[in-house]
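Trainee: Could we go through this structure together, one question at a time?
Mentor: Gladly, let us take a look.

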Amino acid sequence: MTDATVPEPGHRLKPLTPAMLRELSVRSDLRGAAQSLGHYGVILLLGTLIWIVSSRHGVLWALPLMAVQGYVVAFLFMAVHETAHKTAFKSRSLNLIVGNLSAFLIGLPYEYYCLFHWDHHRYTQDPEKDPELIVGVKPTSDTQLAIAYSGLLQVAVRLRLMLGHAVTGRVTAPWIPENKRAVIVREARAYLALYTLLFALSLWFASALLLWVWIVPLVIGQFFLRPYLYAEHTGCDRTRSAFENTRTTYTGAIVKWFAWNMPYHVEHHAYPSIPFHALPKLNEIVDGEIVHRGRGYIRTTRETWAWFRRQRQAG
């Protein structure tokens, strides 16, 4: 169920021959490993540099490194997303291992996200059924809009939800089937137990290592991640066509790499069975069909911000 590998009924798709679709849909453990190890390698390198600089010169001197680390850590969300589709690797076990580790590091329970994201693909841009719209922030002022773009409110809601699942043992979200609710509770309790253990170990060793190389950067990283996520669908049509309800944003190679090629988001929604490494090739085929085309994330963020303001003014 959580693979979400079949194009949605009613989507207007650029015809691909069966041979083309099979070729593009080939999953690769090697490509997945290269992407994952590269992403985690950058995190480990930056974390080491942060610790060295903060230890020798003070935390303030390490803040620029923390900002870069924040971007990289926050964009582990893309690893969670790709493994939720089970397309990061050919091996299902590798998808689960990398997915759960990445999800733990960004505070987003993996199994919960898989179910959340499945309904997002089924009901993209449906205000009554798309989980992203149901839980999405609806700002009523520029201040609230700025808070929404910081991503901090969304993280707070996510953590509160996880805590609620763990403590109460109840799951009420409509995108979580009845037979999966016990799994979601167990997952939340496991995450909470591990976070508690890491906090206790940090106190025991009187170490701020995790604070400076993980927690603070993760918070900073939301300021980069949230505008990126808003670019995916904000201001797009509320139709069943992936070519109309989703935006592809044309950006630089570094952004595409850390985002696991998800700026090619129309392509992903039209053919979610195609793995991240094949999306540039798919873009060459369907580019002419794309309705909403972002030209870089700075410009697209200005456009999505303006859209939210127009919606608020229109009531």
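**Overall shape and aromatic rings**

Trainee: Which radius of gyration does the protein have, and why does that agree with a compact globule?
Mentor: The radius is taken over C-alpha atoms, and the globule rule is 2.2 Å times the number of residues to the power 0.38. For 315 residues, a compact globule would come out near 20 Å, so the protein agrees with its own value of 20 Å.

Mentor: A word on the source: this is a predicted model, where local features need pLDDT of at least 70, side-chain atom pairs count only at pLDDT 80 or more, and totals for chains, interfaces and linings use all residues. Residues are numbered from 1 along each chain as its sequence is written, and side-chain values use heavy atoms, leaving out hydrogens and water.

Trainee: Are Tyr113 and Phe116 buried or exposed?
Mentor: Buried means under 20% relative accessible area, exposed over 50%, and partly exposed in between, with a 1.4 Å probe and protein chains only. By that rule, Tyr113 and Phe116 are both buried.

Trainee: What kind of aromatic pair do Tyr113 and Phe116 form?
Mentor: Rings of Phe, Tyr and Trp (its six-membered ring) pair if their centres lie within 6.5 Å; planes under 30 degrees apart count as stacked, over 60 as edge-to-face and the rest as tilted. Here the values are 6.4 Å centre to centre and 20° between the planes, making the pair of Tyr113 and Phe116 stacked.

Trainee: And which kind do Trp307 and Phe308 form?
Mentor: Both residues, Trp307 and Phe308, are buried. Their rings lie 5.4 Å apart centre to centre with 75° between the planes, and this pair is edge-to-face.
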